[in-house]
Amino acid sequence: VEAVDLIADGKAPRIPQPTEGATYEGIQKKENAEISWDQPAADLHNWIRGHDKVPGAWATIDGQVVTFYGSSLLDASVPAGQELAIKGASRPGLITKNGLVVFGNDGKMVLVRNLQFENGKMIPASKYFSADETTALELTEQEKKMAEDIR
């Protein structure tokens, strides 16, 4: 009751909260989420997952900013895949059937499942080299007839 009365009378002491020991982190910005490749795989994984979904950890690939989503540590032998040069990485990544494999400075691996380009298009990382391919839809005679009936 005494505290409430002090507040009501405008006489309550005002003590500024110290910032020492504070755990609040400011809003992360995209420009601060670039991946630093000179660290162990566990730290790379934590960085990517920590920035998943906003703002998204990113790296430069083929001159464009590519954002990485959905990482996991990979504890296996190095999988077969197509090499992908990543700016700043000491070792190229590998596009495999499961996604993009990147390497920490400890030689361990991180698997990244999805990539997003600057234009907003998101693809499974395993489809990186086939992302620009377009295939024409070819219908069988029966499907053409069904399409005509629907029209």
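At 10% relative accessibility, Tyr128 counts as buried; here buried means under 20% relative accessible area, exposed means over 50%, and partly exposed lies in between (1.4 Å probe, protein chains only). Phe129, with 35% relative accessibility, is partly exposed. The model you are looking at is predicted, so local features need pLDDT of at least 70, side-chain atom pairs count only at pLDDT 80 or more, and totals for chains, interfaces and linings use all residues. Residues are numbered from 1 along each chain as its sequence is written, and side-chain values use heavy atoms, with hydrogens and water left out.

How many aromatic pairs does the structure hold? There are 3. Rings of Phe, Tyr and Trp (its six-membered ring) pair if their centres lie within 6.5 Å; planes under 30 degrees apart are stacked, over 60 edge-to-face, and the rest tilted. Trp37 and Phe68 make a tilted pair, with 6.1 Å from centre to centre and 55° between the planes. Trp37 sits in the loop between helix H1 (2–8) and helix H2 (41–50), while Phe68 belongs to strand E2 (residues 64–74), so this pair ties together parts that are 31 residues apart in sequence. Both Trp37 and Phe68 are buried. Tyr128 and Phe129 form an edge-to-face pair, 5.2 Å centre to centre with 85° between the planes. Ring pairs also link Phe117, Tyr128 and Phe129 into a cluster.

## Charges over rings

A charge sits over a ring if NZ of Lys or CZ of Arg is within 6 Å of the ring centre and within 35 degrees of the ring normal. Lys53 lies over the face of Tyr69, 4.3 Å from the ring centre. Likewise, the charged end of Arg91 is placed over the ring of Phe103, at 3.7 Å from its centre.

## An enclosed strand

Helices (H or I, at least four residues) and strands (E, at least two) are DSSP runs, numbered from the N terminus. Why is strand E1 (residues 57–61) described as largely enclosed by the rest of the structure? Because 5 of the 5 residues of E1 are buried. In a regular strand the side chains alternate between the two faces of the sheet. On one side of E1 are Ala57, Ala59 and Ile61, on the other Trp58 and Thr60, and all are buried.

E1 pairs with E2 in the antiparallel sense over 5 bridges; two strands pair if DSSP finds at least two bridges between them. Ala57 has Phe68 as its bridge partner in E2. The two strands form a hairpin with 2 residues between them, and Asp62 in the turn has a positive phi of about 50°.

## A buried histidine and an exposed lysine

His45 lies in helix H2 and is buried, with a relative accessible area of 15%. Leaving out residues up to four places away in sequence, His45 touches Ser71, Ser72, Leu73 and Val110, where contact means heavy atoms within 4.5 Å.

Is Lys97 buried or exposed? Lys97 is exposed, at 76% relative accessible area, and is found in the loop between strand E4 (93–96) and strand E5 (99–103).

## The whole chain

The protein has 3 helices and 7 strands, which follow the pattern α-α-β-β-β-β-β-β-β-α along the sequence. Buried residues make up 30% of its 151 residues. The C-alpha atoms fill a box of roughly 85 × 50 × 30 Å, taken along the principal axes.
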